[in-house]
Amino acid sequence: MPPRRDPRLVPYLAIVTTVVVFLVAKWLNWPLWAVAIGGISLAGGAVFLLAGREHAGRKVTVGRVPVLAPAFQPRTGVQAHIVDARAAGADIVLHGAGGTGTTQLAASLARAGLRQDVDLVVWVDAGGPTSVVTAFALAAHQVAAPGTGGDAAADARAFVAWLADTDRRWLVVLDGVTDPVAIDGWWPADHSATGWFLVTTATDLVRHPVFGRGTAVGVGVFSPAESHEYFTDRKLADDDAAELAAELGHEPLAMARAAAYMQAERLGCTDYLNQWIDRRKTVADPVTAAVLLAVDAAQRKAQKQALPALRLAAVLDPAGQPAAVWKSAAVTEYLAGAADAGMRAVALLHRYGLVDHDRRLGAWAVRVHPETAHAVRKNTPADLRDAAARTAADAVLDAWPADDAHPHRADHVRVLRANAIILARLDGDPLWQPEAHDLLWRAGADIDVAEGLVRDRTARHGDGDAQTLTARRILATSYRRAGRPGDAARELERVASGYEALGDPIAAEVRDLLAKVREELL
């Protein structure tokens, strides 16, 4: 987005244009009436161009605002609390249990802002360790914030500084915050009054002091009236709709899964309720029960490919997975199907409401609700989950472009990196054992990602663990490629000492590499 043009320049532009036209006309001996018409036309055109360009440059979105779900309910009671808090100038923290619709409500507010007078919306899927920095750095370039041009962290800080005194209207959404400390430095307590932060998180985190910067607004389950309206909008309301909604606990996600299943199977509430009651005899959680019902039906339709595909979706980044990942040879082989097996499985899972597929979202084309992903991982044996994770890593690597620095591929590579980070942090560490997957080295070529891998491994396993030492080797390689041999040498010294303490013979190889790096410092 270009810098906002100062409207005070308009009269000066008109005067200068008129004078230029008068001088040219006098030199060419134009008649007076031609001078007048020409001057007015050019001055008016220049003013129109100035104003028109300024207006056209206003609306900018960084990140992908989620599409509103079918039969979206506006939650008027919650909206009233938001309006009251915003009237007092407060930032907002939407919190709720998983599946209550905080993300959808945030998306509706972001879209409403873009339709009205908001110039800039920055949407951040804030569950990843580097997602805020990446999005803010991109936003800094979009608004031409002073101080950009450094690394990603420096550009992100420039954007935070820009938020402090801009006169533009803006909205920053930090969706799905799982680590309040990670956003501490990126959510300023003081910023310009022309914009606001909208944060979504789980209710059990909302007492953290970081969230005290905003007004907390709880998002619960649907009211009975909202549940009835939802089923009515989905054209599923019948005599048993109220009983089914009550059985589902009026939970928005469980109701969405049930509605997708009923429409895919052409069932009414009565038939679904009977199946639901049978499933609940073995599964207590309503979201998990709805997911397993849908999986059973999808499996029957897809010759046993639906469940393996859903396991892949569940270990990847729920915020977005490129179609190229699902078209990869790794996914085709995993599903033991034809070349289009991955996308066919995605289409079926979308039909049953287990994933969302929207080509308009580009690199974020395939999404899965975090609660659905959690339910699938929880009900998958560890060996099958780890196999899905390694296949997913192969698929992400297959989809990684050779020229990943090209600006045209920026979104695609950013989403691939986010998926690599999610895979790297999975329980059981399937990408780290028996040795680090090649995807870790590819994603770790980005220094921010590599530093995040080190922090995560250190927090999980301690500084002397073999996995932590591998992460430091990745970081050292990244530093060296970036022309930072001093930082690379520091990391390699720690790695070599760590391997020597473990009695690992690879220490000698690291010492040899360290010697070469030190020569580069001379």
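Predicted model: local features only at pLDDT ≥ 70, side-chain atom pairs only at ≥ 80, totals over all residues.
Six bridges tie strand E4 (170–177) to strand E5 (residues 195–202), and the two run parallel. Helices (H or I, at least four residues) and strands (E, at least two) are DSSP runs here, numbered from the N terminus. Within this pairing, Trp170 has Gly195 of E5 as its bridge partner. Numbering starts from 1 along each chain as its sequence is written, and side-chain values use heavy atoms, with hydrogens and water left out.E4 and E5 belong to an open sheet of six strands, ordered E1-E3-E4-E5-E2-E6 with parallel pairing; two strands count as paired if DSSP finds at least two bridges between them. At the edges sit strand E1 (60–62) and strand E6 (214–218), each pairing on one side only. From one strand to the next, the twist averages 15°.

Two helices pack on this sheet. H3 touches strand E2 (91–96), E5 and E6, and its direction makes about 155° with that of E2. Helix H5 (residues 131–142) touches E1, strand E3 (120–125), E4 and E5, with its direction at about 160° to that of E3. Contact means heavy atoms within 4.5 Å; axes are lines fitted to C-alpha atoms, for helices over the stretch in contact, and angles run from 0 to 180 degrees between N-to-C directions.

H3 turns up again at the second largest pocket, where it gives the most to the lining, with four residues. On a 1 Å grid over the protein atoms alone, a pocket is an open set of points where a 1.4 Å probe fits, with protein on both sides within 12 Å along at least five of seven lines, and lining residues have an atom within 4 Å of a point. This pocket holds about 290 Å³ of space, the volume being that filled by probe spheres set on points joined across faces, edges and corners. Its lining counts 16 residues, with Arg86, Gly113, Gln116, Val118 and Trp196 nearest the centre. Helix H3 (76–87), helix H4 (102–115) and strand E4 are the elements that give two or more residues to it. By type, the lining splits into nine nonpolar, four polar and three charged residues (Ala, Val, Leu, Ile, Met, Phe, Trp, Tyr, Cys and Pro are nonpolar, Asp, Glu, Lys and Arg charged, and the others, Gly among them, polar).

As for confidence, the mean pLDDT (the predictor's confidence in each residue, from 0 to 100) is 88 for the protein, and 89% of its residues reach 70 or more. Helix H17 (residues 382–398) comes out highest at 97, while helix H2 (residues 32–56) is lowest at a mean of 47. Over residues 45–56 the pLDDT is below 50, and the model gives this stretch 11 contacts beyond near neighbours in sequence. Residues 1–10 also stay under 50, with 24 contacts beyond four places in sequence.
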